[in-house]
2 protein chains.
Amino acid sequence: MLVRILGSAAGGRFPQWNCGCLNCRGVRTGAIRARERTQDSVAVSADGHSWFLLNASPDVLTQIERQPALQPRGLRHSPLAGILLSNGDLDHVLGLFSLRESHPLTLYATRAVYQGLAEGNAVFETLRRHPRQLSVRTLELGSEVVLQLADGSPSGLTARAIAVPGKLPAHLERSSRPSAEDNVCFLIHDTYSAQSLLYASSVASVRGPSELFHMADCLLFDGTFWTNDELIRQGVGTASAEQMAHLPIYGETGSLALLKSLTCRRIFTHINNTNPILSEDSAERAEVEARGWEVAHDGMELCL
Amino acid sequence: MLVRILGSAAGGRFPQWNCGCLNCRGVRTGAIRARERTQDSVAVSADGHSWFLLNASPDVLTQIERQPALQPRGLRHSPLAGILLSNGDLDHVLGLFSLRESHPLTLYATRAVYQGLAEGNAVFETLRRHPRQLSVRTLELGSEVVLQLADGSPSGLTARAIAVPGKLPAHLERSSRPSAEDNVCFLIHDTYSAQSLLYASSVASVRGPSELFHMADCLLFDGTFWTNDELIRQGVGTASAEQMAHLPIYGETGSLALLKSLTCRRIFTHINNTNPILSEDSAERAEVEARGWEVAHDGMELCL
């Protein structure tokens, strides 16, 4: 399985358009050693020809132009065979509205994520201008689906959507009822190599000794925040990591501690602009790496 | 007045994600001399400190990171004092959903454009999470409004929204009634320099000897298509320029001919990926320049 990290930042990108925190100012001025990052999205492929997007970030057009493998090989063509949505957050779905031009798209999503997006949004009609423009394959929690190529044949990859603690997208909090389908991680399995990728970029908590995180050969995990009070302490926000449904990395109840028994390759992604691990010379970055974790960056390539 | 062309491509960007036409293939491979372009948006300022966006393209975050003048000068800050929408096309409004992070925004739009965007779109709630997040100033056709700074003081710029022939956004065609407010151009006037910019990036036709285009010291005009049958002839689409409500550049009824009496500085923008003027060595580019027109590119700076 080929894996390309297209974007490794949380919603808002790094640097963030309205932010002058140490990291954002530092990366703009060159005062810190850090890479700019677009918003969270991953491309996976069994053969290097057909690709599946895990989430469609608002930066999707930039991400495609940086990855020749995702560019057309014909007059009108795209190597994108499908798009999987892990939740309905705007930083995971807005890119869909840039993938129109009446091009056929196949969407894989839980019923709740799809309804939150397709119902009550006039903008969604841009993906339904022609009867065969949009195909939707509903993901049932825990069930494995074969990811299909445009002709219906198996791609060599399967996906399982597994519910993980999360929350409704902010814009739906007042109008929708929470559901276990609102936030999932994906176990992507390559039937040839027998390798699995677990993509879990939004995880509010890891309850008990979960088997889930031991099922993968490689884990892409929620690295949004370093601490629970990161935004508050830096004076850029009032919400805690917990309120935003992201398990912080550091501390006794953080992901470094809770997932310390994992031995697979493990990578933090979906990293918020305020997270000190973005600064490559920071103590926090050194600590993460000393514990055997990597930090995703845009353009990172994995082969499983 | 300072003017920055943030994006000079039509919807879909150049190159376009699913397109392998001569231009798109050429710019990717280097076979033609051409610049990549993000989607249509312009920033204007009287003082270089506070800026107004003319449209919010899906590429707005990339555009801000390329323009230091648009970046924050504080912990949480933006020099963007307001955003004017010339219509509700997705390539003109999607960027709004990337300018959230609960940051206060001031939107200038006609009633029709605002309603098409704000009503029946759950995603719009992301801009209404807090009572003072979004301020809306309704534009009446033909009336001049003072563009205000955050504290309510005049910015030194005024704007007039003037109806021009256009059409409803594609995603609203089945659900909404057309209105003269659906598509406007903006006459931006600098009260200090007494100079005016006419920004008219979507214009379906120029009826009669319009005075409108003689009112400006600089014209940014719809350069979407070279000919009416451009998409059809290139085999990448079935719609004519006329059906898409864009006056083509070439021919007896094209903009080059119809606007030939203009003597102000005149620049084509909102250029579709298929338009031969994108290729800097093309005969079409040479013809446009021989007629005294310029071709906008991302990062172009004007001072009026």
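## Lining of the second largest cavity

The lining of the second largest cavity comprises four nonpolar, four polar and no charged residues (nonpolar: Ala, Val, Leu, Ile, Met, Phe, Trp, Tyr, Cys and Pro; charged: Asp, Glu, Lys and Arg; polar: the others, Gly among them). Pro58(A), Leu94(A), Gly95(A) and Ser98(A) line this cavity together with Pro58(B), Leu94(B), Gly95(B) and Ser98(B). The space within is about 60 Å³ (the volume filled by probe spheres set on grid points joined across faces, edges and corners).

The model is predicted, with local features requiring pLDDT of at least 70 and side-chain atom pairs pLDDT 80 or more, while totals for chains, interfaces and linings use all residues. Residues are numbered from 1 along each chain as its sequence is written, chains are lettered from A and ligands numbered from 1 in the order in which they are written, and side-chain values use heavy atoms, without hydrogens and water.

## Largest cavity

Four cavities of 30 Å³ or more are found in the whole structure (sets of points on a 1 Å grid over the protein atoms alone where a 1.4 Å probe fits but cannot get out; lining residues have an atom within 4 Å of a point). The largest holds about 80 Å³. Its lining includes Gly88(B), Val113(B), His171(B) and Asp182(B), and consists of six nonpolar, three polar and one charged residues.

Strand E3 (residues 51-54) and strand E4 (residues 80-84) of chain A run parallel and are joined by four bridges. Leu53(A) has Ile83(A) as its bridge partner in E4(A).

Notes. Two strands pair if DSSP finds at least two bridges between them. Helices (H or I, at least four residues) and strands (E, at least two) are DSSP runs, numbered from the N terminus. On a 1 Å grid over the protein atoms alone, a cavity is a set of points where a 1.4 Å probe fits but cannot get out, and a pocket is an open set with protein on both sides within 12 Å along at least five of seven lines; lining residues have an atom within 4 Å of a point.
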